[in-house]
Amino acid sequence: MTNLSPWHATVLTLFPEMFPGPLGVSLAGKALASGVWTLDTRDIRDAATDRHRSVDDTPAGGGPGMVLRADVLAAAIDAADAAPDRPKERPRLLMSPRGRPLTQSRVRELAAGPGPLIVCGRFEGVDQRVIEARALEEVSIGDYVLSGGEIAAIALIDACVRLLPGVMGKAESASEESFSESLLEYPQYTRPQAFEGQPIPEILISGDHAKVASWRRAESEALTRARRPDLWVTYESAPKGTTKE
Ligand code: SAM
């Protein structure tokens, strides 16, 4: 079924002023301005009910820091879902260092759908009960700890938006880039022909397209084997031309 509505991201955050941020410039920014995708940034604090607009409390069982309250976050999610024109079924993500690592294949799935609702955590994290009650899918952008989920959400949205139809021109095609076949991308070169005594590899200026393609494939394979044994195993075990990381 063709999805006629623009791809949509809802972001729940304690720092709405961080959006669109980098998503407002370049490819994503142009696509946002032209309506290819839409963004609804919501302040979690708007769902607080006390006069101090509290969103966090101390961890049950003790320990450092604060935890985002289940009742406040659940109310924020429910209000976002009740907004007019929101997709009835959409992924609900929680940016989290203990989530499943984000991959290009998950990005492709998210870009092909209606667009996610994304919760940006802060403090020590989020009360487990709201993660379960609102079926939040925890997603990590890497094995390191950020101070909040906003930068992770921006990275995820950027990766999705560039795959939306019409966002990338031929000049920025995704067909040969890293992960397109569980391989890292080959090295790129451009003018000048010589840089600090280093020429562009001869084969790239030979005009022989078949030889260029096979050189690039060999370079991609060598890089992947050296840097990403995990991807290399996937690539090697799949029939050629079929792997998608
Ligand atoms: N105490 C948490 C832990 O040890 O897993 C870390 C909380 S972190 C300081 C605050 C928020 O930043 C998290 O709730 C999450 O939303 C976000 N965050 C931090 N690192 C992240 C990562 N690698 N990927 C995605 N989100 C991350």
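Predicted model: local features only at pLDDT ≥ 70, side-chain atom pairs only at ≥ 80, totals over all residues.
Local features need pLDDT of at least 70, side-chain atom pairs count only at pLDDT 80 or more, and totals for chains, interfaces and linings use all residues. Residues are numbered from 1 along each chain as its sequence is written, and side-chain values use heavy atoms, with hydrogens and water left out.

View 1. Ala, Val, Leu, Ile, Met, Phe, Trp, Tyr, Cys and Pro count as nonpolar, Asp, Glu, Lys and Arg as charged, and the others, Gly among them, as polar.

View 2. A polar contact here is a pair of N or O atoms within 3.5 Å. A ligand oxygen lies 2.5 Å from a polar backbone atom of Met 95. A ligand nitrogen lies 3.1 Å from a polar backbone atom of Ile 141. At Gly 149, a polar backbone atom is 3.5 Å from a ligand oxygen. The protein covers 82% of the 580 Å² of accessible area that the ligand has on its own (Shrake-Rupley method, 1.4 Å probe).

**View 3. The largest pocket.** The ligand takes up the space of this pocket; a molecule sits in a pocket if more than half of its atoms lie within 2 Å of its grid points. A pocket is an open set of points on a 1 Å grid over the protein atoms alone, where a 1.4 Å probe fits, with protein on both sides within 12 Å along at least five of seven lines; lining residues have an atom within 4 Å of a point. Its volume, the space filled by probe spheres set on the points, is about 450 Å³. Of the 25 lining residues, Met 95, Ser 96, Pro 97, Glu 124 and Gly 125 are closest to the centre. β5 gives the most to the lining, 5 residues.

**View 4. The second largest pocket.** This pocket has a volume of about 280 Å³. Among its 15 lining residues, Leu 102, Thr 103, Gln 104, Ile 141 and Phe 179 are closest to the centre. α3 (104-112) and α5 (150-161) each give two or more residues. α5 gives the most, with 3. Helices are DSSP runs (H or I, at least four residues), and strands are E runs of at least two. The lining divides into 9 nonpolar, 4 polar and 2 charged residues.

Methods: Polar contact = N/O pair within 3.5 Å; in protein donor to acceptor, adjacent residues only side chain to side chain.
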